[in-house]
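Let's look at a few loop residues and one annotated region.

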Amino acid sequence: MKTLLFIFLSMLLFETPTIEKDRDRWKPYYTNVAPAKTADQWFLPFDVANRKKTINIKIISIFGDHRDSYVKGHIHTAIDINPAQPKSKLVGVYAMANGVVCSVHLGENQRTVVVKHKLPNGQTMFTSYKHLKEIYVSNGQQVDQNTKLARLFTPQESKKYGGDYHHLHLEIRKKFDDYGCASWLTFNKLQLNERFYNPQKFMKEYVK
Ligand SMILES: [Zn+2]
């Protein structure tokens with residue numbers, strides 16, 4: 001009997017978190033608003049010399065990489081990027097296209113802004129910007145490529161959290177039905193392809 005109870009308690013304690021079990025926790029940060037304008041032009045999320053040339057970003061980590069941070073063993077749902085040649089110490093993050101801010105969630109080194117976009121074919125999709133030091137927008141705000149959403153951590157500020165947060169974790173999403181938790185609870189390729197585009201492929205196609 002005691003053994004059974006022990007097994008039961010262990011299961012509760014060490015249960016693997018899933019998107020389905022965690023999503024309700026993040027729903028309160030979501031606002032269901034429609035983008036006023038269609039996303040017909042796409043740009044790099046930084047103030048660089050040419051926001052249409054992907055050569056102006058430096059990729060630190062690719063889509064689909066294995067991750068042991070936050071929740072061990074999850075798959076990297078984004079690309080981690082920085083401007084190739086930052087114009088200033090404080091790197092601003094800009095919306096990639098017309099859209100509306102639909103979620104601002106998490107805190108400290110994981111702060112995230114999500115923008116909902118409407119494509120010319122009527123389809124809805126999302127861009128998500130993570131590891132933001134300061135945020136300048138809020139839910140329901142209509143944005144375009146000139147809207148400064150936030151700024152990144154400086155290498156100095158990043159040190160407080162172990163030094164690995166002075167970059168933009170950029171997700172291009174097909175869905176936001178997980179309200180954000182799929183960013184750390186995606187464990188296989190099926191889940192990855194269900195919700196996320198490969199940002200490098202997406203940019204190759206649309207940022208030009
Ligand atoms: Zn990342």
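Tyr 179 sits in the loop between strand 12 (168-173) and helix 4 (189-195); helices (H or I, at least four residues) and strands (E, at least two) are DSSP runs, numbered from the N terminus. This is a predicted model, in which local features need pLDDT of at least 70, side-chain atom pairs count only at pLDDT 80 or more, and totals for chains, interfaces and linings use all residues. Residues are numbered from 1 along each chain as its sequence is written.

**Positive phi**
- Most residues other than glycine have a negative phi.
- Tyr 179, not a glycine, has a positive phi near 55°.
- Glu 108 is not a glycine either, yet its phi is positive at about 50°.

**Burial**
- Tyr 179 counts as buried because it has 20 C-beta neighbours inside 10 Å (buried means 20 or more other C-beta atoms within 10 Å of the residue's own, exposed 12 or fewer, partly exposed in between, with C-beta atoms placed from the backbone).
- Glu 108, in the loop between strand 6 (99-105) and strand 7 (112-118), has 10 such neighbours and so counts as exposed.
- Gln 85 lies in the loop between strand 4 (79-83) and strand 5 (92-94), and its 11 neighbours inside 10 Å make it exposed.

**Distance and annotation**
- An unreviewed UniProt entry lists residues 75-175 as "domain: M23ase beta-sheet core"; UniProt positions follow the numbering used here, feature names are shortened, and annotations may be inferred rather than shown by experiment.
- Residues 75-175 are 4% helix and 47% strand, with their end C-alpha atoms 17 Å apart.
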